[in-house]
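Take a look at the sequence and the fold before reading on.

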Amino acid sequence: MSENRRGRRYPQNLQGVLQLAVDTGSAAEGPAPVEPMSEERQIWLREALSEICKGQMDEVEQMKRCLAVLRREEMGEKEGDGEEEREEDDDDERETAFEILSELCENLDNARDLMTLGGLELSVSKYLCHVQSGLRWRAAHLIASCAQNMPQVQDHLLSIGVLPKLLQLTDSDPHPAVRVKALYACSCLVREQEAGFQAFLAHDGFSVLMRGMQSESDKLGTKSAFLLLNLLTTHPEQKETVVSMGMVQQLVSVLRTPHSAFHEHVLGALCCLVEDFPQGLKDCRSPTLGLGDLLKQRAKDLQGKDECQEELDFCERLRVMCFHGQQSEDIGMDR
């Protein structure tokens, strides 16, 4: 290591540790160091790591304080205090607690710690069914934050039966924000998660997505169509199940509603149902659907709109798969 690097002072935080690692690695590319780490550098490293651990402990303490706020209502109910006048203030405090937890649990270690502290069970058992919609959607958002890319947390959530509750909220909650966040949490539990996907199938999840695309909420429609496209892409064996539900007809009816950005995913899902699946192709070609004319008009409407290029690509692809050469095939069958 050069004299310049030996004399350099690093901040006592994670950035300082990373910079030290980078500098040490760069030095290792040259001649091997001939000196052990100095005592001063060892002291600095111990102190920096101590600060990092302290910061992590501070975050755990923050989570404990938030959970204490969220559990307060439980204690009040058990004691039967019935102080309804404080409900609004209490709800604001609990909403803030959920927002802090969601931010902290973007860190995977914190998500695991929250699971250990019982925060996920509390969110599922108490707050997904809470009378206040602001607490319901924040609980669903926290569950999604913790479940992302965390198989251990996903398995735990599935074991305590969260998916049926999330699907029910997605399907029937009166508040659009709750439905959107619940579907987001569902997505985090079923994509590339076999146990979650099987639970999704067991609770008729595809029907929930179908109804989500037919809702008046563009956000819910977008997330429903995107998840449907993702699941059909990763699980092509489900095409028969989905087509037998009348999904092709439902998707085409969605395309006939006023244009929306999520129609791109609807067209993508139709492409999946047609590709290498004769029944899906047959359903799309049904004269009663009028899909050919619909696609022709849609392609014309999208021409020259750069922001709709992917939708146009799906539209053209579906036209080719369904109707290119169909006339010659029909003539051949007549002969």
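**The whole chain**

Please keep in mind that this is a predicted model. The secondary structure consists of 20 helices and zero strands. The protein has 335 residues, and 44% of them count as buried.

**Two helix pairs**

Two packed helices are described by the angle between their axes and the distance between the axes. Here are two such pairs side by side.

| Helix pair | Axis distance | Crossing angle |
|---|---|---|
| Helix 6 (residues 119-127) and helix 7 (residues 133-147) | within 10 Å | roughly 150° |
| Helix 12 (residues 205-213) and helix 15 (residues 247-255) | within 10 Å | roughly 20° |

Let us take helix 6 and helix 7 to begin with. Their axes cross at roughly 150°, and angles over 145 degrees count as roughly antiparallel, so helix 6 is roughly antiparallel to helix 7. Helix 6 passes helix 7 in a left-handed crossing. On the helix 6 side, the contact uses Leu120, Ser123, Val124 and Tyr127, while helix 7 brings Leu135, Arg136, Ala139, Leu142, Ile143 and Cys146. Sorted by class, the residues of this contact are eight nonpolar, one polar and one charged.

Now for helix 12 and helix 15. With a crossing angle of roughly 20°, and with angles under 35 degrees counted as roughly parallel, helix 12 and helix 15 are therefore roughly parallel to each other. The crossing of helix 12 and helix 15 is left-handed. Phe206, Met210 and Met213 from helix 12 meet Met247, Gln250, Leu251 and Val254 from helix 15. This contact of helix 12 with helix 15 comprises six nonpolar residues, one polar residue and no charged ones.

**Helix 8 and its neighbours**

Which residues of helix 8 (residues 151-159) are buried? They are Val153, Gln154, His156, Leu157 and Leu158. These buried residues pack against helix 5 (108-116), helix 6, helix 7, helix 9 (162-172), helix 10 (176-190) and helix 11 (194-202). After helix 8 comes Gly161, which has a positive phi near 75°.

**A buried histidine**

His263 lies in helix 16 (residues 263-274). Is His263 buried or exposed? His263 has a relative accessible area of 0%, so it is buried. Setting aside neighbours within four places in sequence, the contacts of His263 are Val254, Leu255, Thr257, Pro258, Arg298 and Glu311. Val254 thus links two parts of this account, because Val254 of helix 15 also meets helix 12.

**The cysteines**

A disulfide is a covalent bond between the sulfur atoms of two cysteines. How many disulfides does the model hold? The count is zero, by a rule that asks for sulfur atoms within 2.5 Å.

Two cysteines show why. For Cys271, the closest cysteine sulfur is in Cys272, 7.2 Å away, which is too far for a bond. Cys271 is buried, at 1% relative accessibility. For Cys284, the closest cysteine sulfur belongs to Cys322 at 4.3 Å, again too far for a bond. Cys284 also counts as buried, with 0% relative accessibility.

Definitions and conventions: Residues are numbered from 1 along each chain as its sequence is written. This is a predicted model: local features need pLDDT of at least 70, side-chain atom pairs count only at pLDDT 80 or more; totals for chains, interfaces and linings use all residues. Side-chain values use heavy atoms; hydrogens and water are left out. Buried means under 20% relative accessible area, exposed over 50%, partly exposed in between (1.4 Å probe, protein chains only). Axes are lines fitted to C-alpha atoms, for helices over the stretch in contact, and angles run from 0 to 180 degrees between N-to-C directions. Helices (H or I, at least four residues) and strands (E, at least two) are DSSP runs, numbered from the N terminus. Angles under 35 degrees count as roughly parallel, over 145 as roughly antiparallel, 65 to 115 as roughly perpendicular and the rest as oblique. A crossing is left-handed if the near helix is turned anticlockwise from the far one by less than a right angle, and right-handed if clockwise. Contact means heavy atoms within 4.5 Å. Ala, Val, Leu, Ile, Met, Phe, Trp, Tyr, Cys and Pro count as nonpolar, Asp, Glu, Lys and Arg as charged, and the others, Gly among them, as polar.
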